Protein chains: 2
Amino acid sequence: MSRWEPGARRRLEKAAFELFAEQGFAATTVPEITARAGLSTRTFHRYFADKREVVFGGEDVPAEAAQMLADAAPDDEPLDLIMTSLRTFAETRFEGRRDELRMRREIVSSDPGLRERDLQKRETVGKVVHDALIARGVSATQAALLAETSVTLLYVSVQEWLARDDETPLADIIADALNTLRSTLA
Amino acid sequence: MSRWEPGARRRLEKAAFELFAEQGFAATTVPEITARAGLSTRTFHRYFADKREVVFGGEDVPAEAAQMLADAAPDDEPLDLIMTSLRTFAETRFEGRRDELRMRREIVSSDPGLRERDLQKRETVGKVVHDALIARGVSATQAALLAETSVTLLYVSVQEWLARDDETPLADIIADALNTLRSTLA
């Protein structure tokens, strides 16, 4: 087996997700995943520390969010900044992956350790957005409220997008969610 | 020692919080807590399953929130229902306990297991609010957004209230936070 396996990461992810769906996350071992993918355990560990990382792995969402917010024009209004970032995020990270993300959601909800990590991830994203807003001079309370609200808009919209079977883009669902929230709070 | 110790719960809580502050949560044992409180380990276990429960214990916030929402007038607007409940909650559960809650916050942030449980608790409260809104006929998206937002308003306001040294009531900080959020999203 050559050291470089083209598409190895995707093959490992596909094999892992199939096995998680068939027999559960807890019951699946790394050797089972590599056997199904036709790759070695050594190759697995070039990409993932453990099987949990396959579920969340390879995607440093907080770091990407921080970069996106740091790159934005300095005079953007805070809400515009958030909505532009959420749209970009939806288009680059979610669109076209709905089936995979549905399967991922099932796996996460089946395992307490994964649910816990999902909550922590969500909290970390909120902190990154909060710190970016503070760095732009937004007041403490406004930054805290807007950071939490941006995470809420994303998570609630992703749930709706995963539940729908039409082709409405996630970015449009997020924009609608903002309008719904505005009218709910009016 | 009599079976019934007046004020035993409060004495155990006070002793535990003092020890957590002095030597850390992880280093503190149940026998140390009971020795400081002058009570037996058996008495401790009449009130708390373990030392972690002293931090979160005795307060079934999700159940209380569910009851409060179920008792509300059936024709209240969703936002009025939420804001009335938050005000009642602030007045009955937070006001007058600021120093104790500051100490509690320090202990929770010092320990990963407690931080995790705090996140889970927050998620559970959100679910309770969500289910109560759904039961009142609020649409799925609106219920999800408003449930998350009510948790955001409470947590962000509590942080601000704990950080302040004036006597502004928490309920007023929550009402101001709603106005700040409205103008941020406008």
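A polar contact here is a pair of N or O atoms within 3.5 Å, where, within protein, one atom must be able to donate a hydrogen and the other to accept it. By that rule, eight residue pairs are in polar contact across the interface of chain A and chain B, both residues at pLDDT 80 or more. The model is predicted.

**Stop 1: the interface of chains A and B**

Show both chains and select the residues at their interface. On the chain A side 25 residues are in contact with 25 residues of chain B. The two chains bury about 2,400 Å² between them, and carbon and sulfur atoms account for 70% of that area. Two salt bridges cross this interface. To see a salt bridge between these chains, select A:E148 and B:R122, whose closest N and O atoms lie 2.8 Å apart.

Next, colour the helices of chain A that face chain B. The elements giving two or more residues to this side are α8 (112–135), α9 (140–163) and α10 (170–185) of chain A. Of the elements, α9(A) gives the most, with 11 residues. Sorted by class, the chain A side has 12 nonpolar, seven polar and six charged residues.

**Stop 2: the two domains of chain A**

Seven residues of domain 1 of chain A are in contact with nine residues of domain 2 of chain A. About 870 Å² is buried between these domains, 67% of it from carbon and sulfur atoms. Select A:F17, A:R52 and A:V55: together they supply 60% of the area that domain 1 buries against domain 2, more than any other three residues.

Now select A:R10 and A:E100. They form a salt bridge, with the closest N and O atoms 3.6 Å apart. The count between the two domains of chain A is one salt bridge. One residue pair is in polar contact across this domain interface, both at pLDDT 80 or more. On the domain 1 side, the elements giving two or more residues are α1 (8–23) and α4 (51–56) of chain A. That side has four nonpolar, no polar and three charged residues.

**Stop 3: B:V128**

Bring chain B back and centre on B:V128, in helix α8 (residues 112–135) of chain B. Is B:V128 buried or exposed? B:V128 counts as buried because its relative accessibility is 17%, below the 20% cut-off. Leaving out residues up to four places away in sequence, B:V128 touches B:P62, B:A65, B:A66 and B:L69. Finally, select B:E95, which is 33 residues from B:V128 in sequence and 23 Å from B:V128 in space, C-alpha to C-alpha.

How values were computed
Residues are numbered from 1 along each chain as its sequence is written. Chains are lettered from A and ligands numbered from 1 in the order in which they are written. This is a predicted model: local features need pLDDT of at least 70, side-chain atom pairs count only at pLDDT 80 or more; totals for chains, interfaces and linings use all residues. Side-chain values use heavy atoms; hydrogens and water are left out. Contact means heavy atoms within 4.5 Å. Buried area is the accessible area (1.4 Å probe) that two parts lose on being put together, summed over both. A salt bridge is a side-chain nitrogen of Lys or Arg within 4 Å of a carboxyl oxygen of Asp or Glu. A polar contact is a pair of N or O atoms within 3.5 Å; within protein, one must be able to donate a hydrogen and the other to accept it, and residues adjacent in sequence count only if both atoms are side-chain atoms. Helices (H or I, at least four residues) and strands (E, at least two) are DSSP runs, numbered from the N terminus. Ala, Val, Leu, Ile, Met, Phe, Trp, Tyr, Cys and Pro count as nonpolar, Asp, Glu, Lys and Arg as charged, and the others, Gly among them, as polar. Buried means under 20% relative accessible area, exposed over 50%, partly exposed in between (1.4 Å probe, protein chains only).
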